[in-house]
Amino acid sequence: MKAWIDITAPAHVLVFRPLVEIMRGRGDEVEITARDYAQTLELLELHGLEADEVVGRHGGRSRLQKARQMTHRLGALRKWARGREFDVALAHGSHELTISARRLGIPSSTTFDYEFATLQHQLGCRAATRVVVPDAIPPERLRPYGVRPPKLVQYPGLKEEYYLADFEPDRSLLARFGVDPARVLVVLRPPPDVSLYHRHSNPLFPQTLEHLGRAEDVHAFVLPRTKEQREYVRGLALPSVILPDGAVDAQSLIALADLVVSAGGTMNREAAALGVPVYTTYGGRLGGVDEELIREGRLKPLTDPRALELTKRDESASTRVRRDPAEMLRLLLSALDA
């Protein structure tokens, strides 16, 4: 089988890494296109993957620029993929892949775990052959995007429980960044400032960063999404902040942390999957997955930085769930059965 995978954001590298390994291990041919956005290309290299073609970049905050980038990328992807005889195309929320695949007559699957990225899903879900999502998302929330069975396929648990199934942390990471083991290690992820579904600034994350960055018994390890965020954090010159210059093994960092505070989604769910206490400062509408994690007590909403429980974690008391990534691959490849 010959498969095309489009990777447009850093988190997608993690989702597809074990799936690519399974496919190539059994003799399938896999070609990867990628978008130059945040640490996507760095993470591909870090995880031993390579983009066969880098197409486009993020459009930033402007809706006009987003539209222009999408138009350019659609044309470039179609031109690149035409004549390559792909059997199937797979994406994590890349509406450009599903639209391009449909125009080229290629069955496609898209997966995601946040249902309120409305414009993205209106485009991507309608063009896809299969839409594969967690069963925590109520099916009625997907109907406005034209998603009903058999197009809709749902799976139990978190996507992170599948792609982290074989993961064990690199314990040398903390020493390389000078993390003091006596301090409480808090990993922080800023909000997705350039995403359309997070357009209003949320002051809670800067307040949390300021609070932790001045705490003498804390090391606050910040993982910015963009160069602008990195420059902003560096300019604060907070004494307890650790700021890497580029992409790092974030999963090892989370697994070894005492606490995670994130304004996004993937890092929250990685922490939950790895049994690490996690708080969300997300300012947008919560999706079904986060709603379920909050009900289960695996994710806590944060409204005041002073409410953070800054204590050392007992790793031996943490529990994690591991699920078979081959099952995730099977569901994605069900597009071939349509």
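Guide: Helices (H or I, at least four residues) and strands (E, at least two) are DSSP runs, numbered from the N terminus. Two strands pair if DSSP finds at least two bridges between them. This is a predicted model, in which local features need pLDDT of at least 70 and side-chain atom pairs count only at pLDDT 80 or more, while totals for chains, interfaces and linings use all residues. Residues are numbered from 1 along each chain as its sequence is written, and side-chain values use heavy atoms, with hydrogens and water left out.

Visitor: What is the order of the open sheet of 6 strands, and which are the edge strands?
Guide: The pairing in this open sheet is parallel, and the order reads 10-9-8-11-12-13. An edge strand pairs on one side only. The two are strand 10 (241-242) and strand 13 (300-301).

Visitor: In strand 11, which residue is the bridge partner of R189?
Guide: Strand 8 (residues 184-189) pairs with strand 11 (residues 259-262) in the parallel sense, over 4 bridges. The bridge partner of R189 is S262.

Visitor: At what angle does helix 8 run to strand 8?
Guide: Helix 8 (residues 204-213) lies across strand 8, strand 9 (218-222), strand 10 and strand 11. Axes are lines fitted to C-alpha atoms, for helices over the stretch in contact (heavy atoms within 4.5 Å). Angles run from 0 to 180 degrees between N-to-C directions, and helix 8 runs to strand 8 at about 155 degrees.

Visitor: Which residues outside its sequence neighbourhood is P301 in contact with?
Guide: P301 is in strand 13. Neighbours within four places in sequence are left aside, and the contacts of P301 are then Y279, T280 and I294.

Visitor: Which elements give two or more residues to the lining of the largest cavity?
Guide: A cavity is a set of points on a 1 Å grid over the protein atoms alone where a 1.4 Å probe fits but cannot get out; lining residues have an atom within 4 Å of a point. The structure holds 1 cavity of 30 Å³ or more, and about 70 Å³ of space lies in the largest. Its lining includes V15, Y162 and M328. The elements are helix 1 (10-25), helix 6 (159-163) and helix 13 (325-332).

Visitor: How many residues apart are Y114 and Y282?
Guide: Rings of Phe, Tyr and Trp (its six-membered ring) pair if their centres lie within 6.5 Å; planes under 30 degrees apart count as stacked, over 60 as edge-to-face and the rest as tilted. Y114 and Y282 form an edge-to-face pair, 6.0 Å centre to centre with 85 degrees between the planes. Y114 is in the loop between strand 5 (108-111) and helix 5 (118-127), Y282 in the loop between strand 12 (278-280) and helix 12 (288-296), and they are apart by 168 residues.

Visitor: What is omega for the cis peptide bond of P149 and P150?
Guide: P150 is in the loop between strand 6 (130-134) and strand 7 (152-155). The cis bond joins P149 and P150, and omega is about 5 degrees.

Conventions:
1 Å grid on protein atoms, 1.4 Å probe; cavity = no way out; pocket = protein on both sides within 12 Å on 5 of 7 lines; lining within 4 Å. Points joined across faces, edges and corners; volume = space filled by probe spheres on them.
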